[in-house]
Amino acid sequence: MQLKIYNSLTAEKEIFKPILEGNIGMYVCGPTVYSNVHLGNVRTFLSFDFIYRSLIHLGYKVRYVRNITDAGHLTDDGNVENDRFVKQTRLEKLEPMEIVQKYTVDFHKVLEMFNLLPPNIEPTATGHIVEQIELTQKLIERGFAYESNGSVYFDVLEYNRRGLNYGELSKRNIEELFANTRDLDGQGEKKNPQDFALWKKASPAHIMRWNSPWGEGFPGWHLECTAMSTKYLGEKFDIHGGGMDLKFPHHECEIAQGKACNDTAPVNYWMHANMLTMNSQRMSKSTGNYILPMQLVTGENDFFEKPFHPTIVRFCFLQAHYRSVLDISNDAMIASEKGFIRLMEAIKVLNSIAPDNEKQSGFDLKEWKNKCYDALTDDFNSPVLIAHLFEAVKYIFALKDEKETISSENLEDLKSTLNALVFDVLGLQNIEENNNEKLDQTLKVLIELRNQARKSKNFDLSDQIRDKLLAEGIELKDGRDGTSYVLN
């Protein structure tokens with residue numbers, strides 16, 4: 001099967017061709033560790049974890065690099081006081097590297113909770129200052145950058161004069177960029193308003209600072225990813241990913257830096273995960289429509305009626321394509337939980353199915369597998385893949401009810417395929433045994449209460465218990481051996 005990937009650079013779905021057959025170099029922009037990782041970040045990193053798992057499952061050897069930004073993240077290039085680390089050190093009254101350590105630990109803890117695989121390499125910006133200085137010197141030597149008052153800027157206009165195209169990823173016109181840019185305070189040292197910082201002069205109060213040929217300062221945000229991606233993946237590599245919000249200016253600047261330094265486009269396929277909304281509104285601290293990942297898991301919030309296990313959250317996130325806006329709500333989480341429980345129950349049931357080699361099955365396993373892998377190789381279409389998994393779930397319950405049959409060969413094939421797709425590719429974890437223990441205990445109490453109501457001829461209460469459980473997808477079945485339940 002041919003893998004197709006949507007390339008943000010060409011705005012088209014393309015047949016994937018790795019630079020080195022069977023091998024993939026993939027770089028994903030990691031977190032800026034000055035605060036707790038938010039749920040939108042988790043959605044992005046989870047999307048690329050699914051892509052990483054899929055590539056491995058499809059047989060590729062992947063070198064996955066995801067950086068940690070622990071210095072130099074300016075909200076604009078004109079005011080060094082807008083360094084997010086500087087702001088947070090003052091707010092929390094901590095040393096900068098205390099801030100870095102605190103929130104790096106939080107980042108790893110949260111991603112581990114959602115069962116994300118670690119990258120092969122996780123470099124930091126502060127660990128690659130030398131490489132960033134060397135790249136800055138090279139850009140100056142090649143005429144693409146200039147020093148001004150102890151800072152160094154990339155010359156966007158010069159880049160375009162040489163027939164290159166700043167704006168090609170975000171589809172922005174350079175003339176419009178210049179026309180629509182207002183002068184900001186502190187940007188008088190730039191030749192052009194759109195020029196971006198490669199190295200910034202540190203003010204006397206700036207704590208994070210390093211020696212350089214231009215004096216004491218710190219790196220610009222965009223340069224670190226060029227330095228680290230090229231160091232570990234080469235001047236040209238296969239896939240670069242990140243959130244949609246990084247397309248401009250961050251990834252645009254990376255392309256310009258790569259071309260200016262090495263005379264080649266640094267990346268073949270640019271991939272961008274879309275944003276996360278909650279209750280159909282943008283998540284924002286200022287509006288109060290905001291929740292941290294841990295609050296969703298613990299239930300300590302005002303938006304969701306109960307806590308949700310991290311694997312339920314993961315399952316919910318994967319029901320939207322990585323390029324689509326994902327909206328989470330209480331109803332969406334409840335529906336995801338029900339779907340997840342049914343999926344896990346089907347996998348458990350499959351292990352107890354006895355094969356029948358005599359009768360012909362109406363379920364075409366080969367066709368089903370092809371549909372699953374068509375979805376996986378069609379730009380990692382997780383919602384379509386999940387829909388196909390539930391076709392198998394329906395078949396499994398038909399097997400349980402002896403309405404369908406399966407041969408011993410197909411039974412083993414279905415088991416291995418389902419386990420691989422659910423646990424290895426989607427990265428879900430089986431928590432249904434613990435959930436079922438609690439569910440069993442709770443339902444035994446409700447069934448006993450219903451039996452007592454029936455003995456007392458309180459049929460209204462008996463019917464009410466039965467109907468309310470049915471509304472929640474739990475069907476009670478009365479038989480000679482007592483009352484049992486089935487999850488619908």
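Author: The chain splits into domain 1 (4-273), domain 2 (277-424) and domain 3 (436-487), with bounds that come from an automatic or database domain assignment. Keep in mind that this is a predicted model: local features need pLDDT of at least 70, side-chain atom pairs count only at pLDDT 80 or more, and totals for chains, interfaces and linings use all residues. Residues are numbered from 1 along each chain as its sequence is written, and side-chain values use heavy atoms, leaving out hydrogens and water.

Let's zoom in on where domain 2 and domain 3 meet. Their C-alpha centres lie 27 Å apart. On the domain 2 side, 5 residues are in contact with 4 residues of domain 3 (contact means heavy atoms within 4.5 Å). Between them, the two domains bury about 370 Å², 43% of it on carbon and sulfur atoms; buried area here is the accessible area (1.4 Å probe) that two parts lose on being put together, summed over both. In domain 2, Lys338, Ile341 and Glu345 lose the most area to domain 3, together 65% of what that side buries.

Lys338 turns up again in the pairings: its side chain meets that of Glu472 in a salt bridge, 3.8 Å from N to O. That kind of bridge needs a side-chain nitrogen of Lys or Arg within 4 Å of a carboxyl oxygen of Asp or Glu, and the count between domain 2 and domain 3 is 1.
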